[in-house]
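Please open the structure in your viewer and keep the sequence panel beside it.

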Amino acid sequence: MANLFDYDRAGLEARFQAAGHRAFHARQVMKWAYHRGCLGFAGMTDLAKGLRTWLDETASFTPLQAVRRRASADGTIKWAMRIGNGDCVETVLIPERGRNTLCVSSQVGCMLDCAFCATGKQGFNGNLTTAEIIGQVWLVNEELKQRGQCVSNVVLMGMGEPLLNCEAVLPAVSLMLDDLAFGISKRRVTISTAGVAPAIRALAGVTDVSLAVSLHASTDALRDQLVPLNRKYPLAELLDACRHYLSSLGDRRALTMEYTLLKGVNDSPAQAKQLARLLRGLRCKVNLIPFNPFSGSGFARPSAEVVRTFQTTLMNAGQAAMLRTTRGEDIGAACGQLTGSVVDRTRRQARYRAGLQLLREAAA
Ligand code: SAH
């Protein structure tokens with residue numbers, strides 16, 4: 001049985017056509033599932049009986065199951081969603097002034113092991129499918145619809161590295177943009193990456209959504225420590241790939257450079273100046289994220305004053321920089337705090353080897 005949440009429009013049309021049905025009916029089915037929230041084929045009353053029988057026999061729209069929902073004092077909501085293998089991933093809704101931003105997970109855990117990220121510390125247990133990625137959006141959107149609202153922005157900044165799961169992420173992104181599904185503007189869908197340079201290059205021409213790059217350091221020596229992936233794709237190569245992607249966008253959009261501020265590690269004014277120098281000439285804005293602590297992390301958040309000074313130093317050097325307000329910290333929903341429940345089936349060494357293998361494939 002196929003889960004039709006796994007298909008974007010082109011995929012669904014092809015599936016219908018391969019079985020001798022018209023592509024038009026695939027589009028009807030999408031409207032039922034995404035616009036009207038109707039997942040049972042019996043309820044899709046404008047489909048011919050024969051078509052409904054074929055659908056019933058071969059497919060379903062199986063949604064994710066939300067097993068836990070926690071609301072923060074600041075309005076942020078975090079769900080734990082059960083996926084096929086029994087693990088849980090987390091999804092966070094951040095409501096703010098007329099916007100509903102959904103932070104979506106792309107993998108079960110993460111293999112990149114960034115020094116300051118809780119997701120990385122808990123290990124990795126595989127990729128999410130397209131259905132499991134878009135299922136997060138569907139579920140939350142249905143809840144918002146009851147309040148006359150909808151998901152207006154999506155950031156792939158939850159658990160996992162989206163660019164190590166392009167095969168599932170790209171169809172999901174295509175559904176986010178599609179008028180027959182969520183119809184979100186490309187500017188309001190953001191892929192966040194730790195810096196898989198060849199995948200960033202490959203994205204050019206394939207999609208034109210917004211891109212955020214997790215930089216965190218302006219020298220290779222420091223970035224090697226914070227984001228181990230930097231040993232494979234150092235700064236020069238990463239920024240080159242970023243320029244390539246930027247030039248593929250048909251507009252004046254800027255990249256976002258995420259920079260988690262870690263006390264005494266990357267938060268000095270000298271480092272701010274160095275960062276501004278590194279980014280000179282690249283159309284981007286820096287998004288400063290004061291570190292969100294979790295137990296045993298070994299890092300601390302700099303004081304508000306240090307954060308402000310870092311931001312001002314960047315801006316005085318001509319680099320646009322904004323501060324990301326921490327949201328949902330009381331429910332462990334802030335950046336880098338998402339852990340879900342993941343059985344780490346890879347020991348660290350095996351994980352590292354598996355990571356390298358994937359990266360080689362990405363580079364091939
Ligand atoms: N793998 C992707 C997306 C997930 S992380 C990426 O690396 O971009 C989303 C953002 O949160 C990244 O910029 C990440 O570096 C940042 N982050 C991770 N842990 C954090 C923490 N403890 N405090 C603040 N930001 C953190």
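**First stop: helix H3**

Select helix H3 (residues 49–58), whose buried residues are Leu 51, Trp 54 and Leu 55; buried means under 20% relative accessible area, exposed over 50% and partly exposed in between, with a 1.4 Å probe and protein chains only. Seen down the axis of H3, these buried residues fall within an arc of 100 degrees, so they line one face of the helix; the arc is that of the directions from the helix axis to the C-beta atoms. This is a predicted model, in which local features need pLDDT of at least 70 and side-chain atom pairs count only at pLDDT 80 or more, while totals for chains, interfaces and linings use all residues. Residues are numbered from 1 along each chain as its sequence is written, and side-chain values use heavy atoms, with hydrogens and water left out.

Helices (H or I, at least four residues) and strands (E, at least two) are DSSP runs, numbered from the N terminus.

**Second stop: Gln 136**

Next select Gln 136, which lies in helix H5 (residues 130–145) and is buried, with a relative accessible area of 0%. A polar atom of the Gln 136 side chain lies 2.9 Å from the backbone oxygen of Ser 105. Leaving aside neighbours within four places in sequence, the residues in contact with Gln 136 include Leu 64, Met 81, Val 104 and Leu 128, where contact means heavy atoms within 4.5 Å.

Now select the ligand and the 20 residues around it, of which Phe 116, Ser 192, Ser 214, His 216 and Asn 292 come nearest; a residue counts as near if one of its heavy atoms lies within 4 Å. An oxygen atom of the ligand is 2.6 Å from an N or O atom in the side chain of His 216, and a nitrogen atom of the ligand lies 2.9 Å from a backbone N or O atom of Asn 292.

**Last stop: the cysteines**

Finally, show the cysteines: the structure holds 0 disulfides, a disulfide being a pair of cysteine sulfur atoms within 2.5 Å. The sulfur of Cys 335 is 6.8 Å from the closest cysteine sulfur, in Cys 103, too far for a bond.

Note on methods:
A polar contact is a pair of N or O atoms within 3.5 Å; within protein, one must be able to donate a hydrogen and the other to accept it, and residues adjacent in sequence count only if both atoms are side-chain atoms.
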